Amino acid sequence: MAEGVDRLSLRHPGGTTTVFVGRDAAAAARPMVGEWLAGRLAFVISSPRVLELHRAAVEALAAPAARVKVLTVPDGEEAKSLEHAGRLWCEMLAAGGKRDSRVIAFGGGSVGDLAGFVAGCFLRGVEYLQQPTTLLAQVDAALGGKTAIDLGATKNSIGLFHHPALVVSDVDLLATLPRDEVRSALAEVVKTALILDPLLLERVERDLDRLLDADADALQPVVLATARAKLRVVERDPREGDQRRLLNFGHTLAHAIESVLEYRGLRHGDAVAYGMLFATRLAEQNGLDAPVAERLRRLLRRFGLPSLPTLDAEALLEAMGRDKKALENGLVWVLPAAVGEGKMVRGVEPAEVRQHLEAFLEDPWAAAAG
Ligand SMILES: NC(=O)c1ccc[n+]([C@@H]2O[C@H](COP(=O)([O-])OP(=O)(O)OC[C@H]3O[C@@H](n4cnc5c(N)ncnc54)[C@H](O)[C@@H]3O)[C@@H](O)[C@H]2O)c1
């Protein structure tokens with residue numbers, strides 16, 4: 001194993017995913033990837049921006065395949081559509097794709113979600129590899145087997161669980177990421193740290209400036225710890241029946257904010273940061289120690305988040321009710337219980353949520369009153 005590269009694994013109902021994390025993870029993964037690709041047709045699914053920046057990395061990874069076909073999709077969320085999935089399937093059939101062909105997702109979470117979905121449906125499912133190129137995808141989207149496309153305005157509404165055979169997370173690829181993308185992804189890291197990993201939280205507090213600068217030496221242990229924490233939860237609850245919902249900390253309000261804003265004007269991670277502030281406020285009302293809440297606020301203040309746009313509490317409440325993660329019997333709130341510990345709370349009264357939401361929209365950074 002190359003120095004500075006860690007190898008993790010996730011056992012799931014469909015088998016095992018091997019995850020390589022670190023600088024030059026691709027070199028460490030090469031023997032395994034070589035075997036996985038040998039004699040086969042490999043479809044690389046990526047976007048123009050990522051290929052322009054990092055084509056050499058994916059070419060080196062895919063080199064052991066008998067034949068490689070690169071298929072491009074638009075950058076960002078636009079790729080996650082039925083139209084692009086359909087086009088990719090046509091191109092894969094036309095190129096002679098078979099049940100033993102391979103798919104390589106090379107890009108951020110958008111490319112990964114689409115490519116995983118395309119691989120999961122093509123000829124009833126072919127194996128795929130994720131080579132994530134964003135921090136968000138390395139710490140979250142590429143791990144756990146959730147794949148999806150958007151149907152109309154409804155995000156991630158069509159999809160399946162289809163785990164990658166391999167994930168190759170090379171933190172050096174993150175050097176070209178815009179700072180806003182790094183900041184937004186770090187919110188997901190803080191989410192994981194606050195509810196699952198106190199040491200990770202300390203590390204983010206200590207190294208935040210270097211992390212925001214995408215310093216690879218600072219990112220490497222953070223990507224590793226966040227991936228490890230997520231894999232532990234997914235292994236216990238692969239289909240998001242219960243425990244995996246803990247990873248939804250901050251997302252109940254974040255999804256509502258994004259939906260009301262029609263996915264414009266605030267990045268997902270920034271919305272999650274505001275969602276965590278709100279959930280923490282609810283938690284303070286439910287017994288969370290004030291210093292824990294204050295610690296989260298202090299850390300998130302250092303992120304330099306864009307301000308929260310003007311939002312209507314009623315519209316947010318309605319959007320929360322429509323969230324696909326709401327159950328028949330209402331919303332499940334994930335609230336921090338202590339540093340490194342989250343809990344799921346059902347049955348928070350809608351009137352209570354409304355009251356706190358109105359105050360939160362006035363000043364998201366304030367502590368809960370009373
Ligand atoms: N499946 C899951 O469990 C899961 C979890 C979280 C998020 N997601 C999904 O992930 C998507 C968001 O992913 P994302 O945040 O990675 O964004 P993204 O994939 O949309 O990429 C954001 C932008 O960064 C560019 N980019 C990618 N890599 C780059 C690099 N190395 N250097 C410079 N630019 C680069 C892309 O071209 C794009 O323009 C959403 O669709 C979300 O629903 C899925």
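This report looks at one helix pair, a set of aromatic rings and one proline in a predicted model.

Because the model is predicted, local features need pLDDT of at least 70 and side-chain atom pairs count only at pLDDT 80 or more, while totals for chains, interfaces and linings use all residues. Residues are numbered from 1 along each chain as its sequence is written, and side-chain values use heavy atoms, with hydrogens and water left out.

**Helices H3 and H4**

Let's begin with helix H3 (residues 82-94) and helix H4 (residues 109-121), whose axes come within 10 Å and cross at roughly 50°. That makes H3 oblique to H4; angles under 35 degrees count as roughly parallel, over 145 as roughly antiparallel, 65 to 115 as roughly perpendicular and the rest as oblique. The axes are lines fitted to C-alpha atoms over the stretch in contact, with angles from 0 to 180 degrees between N-to-C directions. Helices here are DSSP runs (H or I) of at least four residues and strands (E) of at least two, numbered from the N terminus.

On the H3 side, Ala85, Leu88, Trp89 and Met92 make the contact, and on the H4 side Leu114, Phe117, Val118 and Cys121 do (contact means heavy atoms within 4.5 Å). By class, the contact of H3 with H4 holds eight nonpolar residues, no polar and no charged ones. In this scheme Ala, Val, Leu, Ile, Met, Phe, Trp, Tyr, Cys and Pro count as nonpolar, Asp, Glu, Lys and Arg as charged, and the others, Gly among them, as polar.

**Aromatic rings**

Across the whole structure there are four aromatic pairs. Rings of Phe, Tyr and Trp (its six-membered ring) pair if their centres lie within 6.5 Å; planes under 30 degrees apart count as stacked, over 60 as edge-to-face and the rest as tilted. Two of the pairs are set out here.

| Pair | Centre to centre | Angle between planes | Type |
|---|---|---|---|
| Tyr274 and Trp365 | 6.3 Å | 65° | edge-to-face |
| Phe278 and Trp333 | 5.7 Å | 65° | edge-to-face |

Tyr274 in helix H10 (residues 268-285) and Trp365 in the segment after helix H13 (350-362) are 91 residues apart. Phe278, also in helix H10, is 55 residues from Trp333 in strand E10 (residues 332-338). Tyr274 and Trp365 are buried, and Phe278 and Trp333 are buried too (under 20% relative accessible area, with exposed over 50% and partly exposed in between, using a 1.4 Å probe and protein chains only). Phe278 and Trp333 form one aromatic cluster with Phe360.

**Pro178**

Finally, Pro178 sits in the loop between strand E9 (166-170) and helix H6 (179-196). Pro178 has 44% relative accessibility, so it counts as partly exposed.
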